[in-house]
Amino acid sequence: ADRLVFVNRHDLGMQRVSMSSAKRKYEPFEEVTLSFQAPADTRHISIAVRDGMTDETTFDTGNMLTDFLLSSELKGFVANADYYFAADDDEHRSALDLLMMVQGWRRYDYEEIVRTRTLRYAPELTLTVEGKVYKMRHFDEITIDDASLLKSAPSAENAKSIYSARAEAGGNAETVILEPNNPDPYFGANNSDLRHEVTVSGELVCGKRIAEVELETDNHGHFLINVPPFYGDGILFLSAFDSNASDKKLHRLATHQTHNEKEAPAYYVRRDLFYPVFAKPYSFYQCHFPDDDPDTASAIADSTDIEVDRISTMDTQLENVNVDQKRRRGRVRIDYTKPACVYDAVELYNLATDYGLSHGMVNFRRLPMQLAILLFGNYNNHSTLNVQAQWDRDVFYRNFIIDDVYEVEQQFLSDGHILNNLRLDRQRDVRMFTDFELRNSDKYLEQSRHLPDIVMDFVLMPNGSHRVTTRDRRITLHGVTHPVSFYNPDYSQSALPLSEVKDYRRTLYWNPNARPDESGRFDAHFFNNSKQTSIRVSVAGLTDQGQPLVLE
């Protein structure tokens, strides 16, 4: 193991940016002018001005300087990061060394790691799409008999008899509708790597522009595509085929049944997702505010003659009480007007595929359970989730058995109607209803063997219409977000009486690309909101020599 130390060059105070203001207190809708002075070799600075009376104190006091030189190199969250660079004296240097001692331990040998294996990921220089190719796992199509079983989970005895009958008839094991206690892998399967190279074909459509690529994978099926930068969203088509395929077969792959989601190709493509997409438990620093600093609050009040209007100053401490028993939390009745989350059906299915829960071809025998595990996981160590899927309260899937003693509001569709709608091109959105709180792992959850833990409402395309689905992967790829001008009203030309205007802006001015003149001066002009206030200012920038500039 090793311990990090901070090498202080004592040069952080050499270059500074300063600000001057005509006053400390501003009346409602008053025009504000702030003058900033940066070093002469500064080309860009970023400025944010906030309403000081509504600004909440947090532990996240970092800035560009602390992120560059400290927080990015340490594990975990660094509370009050700006303190360590507030002054260059013995007190702050000692605190910085203690921080490095606590959060700067590393218990691995980097040289040993790179000596025995090749680094998996290279630095990203542009947008990338990276993943692997797997062989398609085939399964039998859903029949009218399957549709009947989907909406009412069979008992264990019936499921075994169904499995035996279909196995004797040569059917695939995946045609069996499984009861909750059956250990069949709802969680997907570990597909083995390919042992030969295949060809990946990609086509990115952005409006009227089309970018195409075709490349070979390595002998394990891995590929990496560099995507040219683009604004907004694009549609990415991905397919894979044998590298030695004939021209006739390639022509058939490119033209035959490309929009038939039930036409299974020989291979399917799975993306690697490098970013978190699910909820994490709140940390201590997200659940608590720093203790109020009475000196700071009184200083603001003395300098501005404004009552400090912060939530923390309005809190009231109640007397201590003793809790004799732990309250059991009952089930909450589902409100079908307020889903916990809503996803586009195809995008959610694509996410399940990229996480290994679906295998390149939609399978409605397992899709509701796959999506439940995708979004809610093995919640609070419960091994089984009771999942119910429906179309506008019309049940078409259930993996648990309803007991007659429970009164469950439900409707059942005909088997033929279910069979006709068990296609991804008929689904528009998926609305999730549940009593789970993913960020509160200590919450007691009342469960029942005969009631759903998760209800999925699949919203069908209107008027019997169909959406576009494909045989291969069709993914919405998010590009660069369009820059949006910050809302900055000009009250000098307002025709309405200002007494009727309610302006609740907490950020009064934001300019991420302010350009000082040759001497380093920049003037910001904006208007206050509809409350009397003092302002708080944050500035960040870099000189041409790379010297960080920060101001709070």
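Guide: The largest cavity has a volume of about 180 Å³, where a cavity is, on a 1 Å grid over the protein atoms alone, a set of points where a 1.4 Å probe fits but cannot get out, and a volume is the space filled by probe spheres set on the points, which are joined across faces, edges and corners. This is a predicted model, in which local features need pLDDT of at least 70 and side-chain atom pairs count only at pLDDT 80 or more, while totals for chains, interfaces and linings use all residues. Residues are numbered from 1 along each chain as its sequence is written, and side-chain values use heavy atoms, with hydrogens and water left out.

The lining, meaning residues with an atom within 4 Å of a point, comprises 15 residues, and Tyr349, Asn350, Leu424, Thr470 and Asp472 lie nearest the centre of the largest cavity. Helix 10 (345-354) and strand 18 (473-478) are the elements that give two or more residues to this lining, and helix 10 gives the most, with three residues; helices (H or I, at least four residues) and strands (E, at least two) are DSSP runs, numbered from the N terminus.

Aspartate 472, one of the residues nearest the centre, meets arginine 471 through their side chains in a salt bridge (2.9 Å, N to O), that is, a side-chain nitrogen of Lys or Arg within 4 Å of a carboxyl oxygen of Asp or Glu. Both arginine 471 and aspartate 472 are buried, which means under 20% relative accessible area (1.4 Å probe, protein chains only).

How values were computed. On a 1 Å grid over the protein atoms alone, a cavity is a set of points where a 1.4 Å probe fits but cannot get out, and a pocket is an open set with protein on both sides within 12 Å along at least five of seven lines; lining residues have an atom within 4 Å of a point. Buried means under 20% relative accessible area, exposed over 50%, partly exposed in between (1.4 Å probe, protein chains only).
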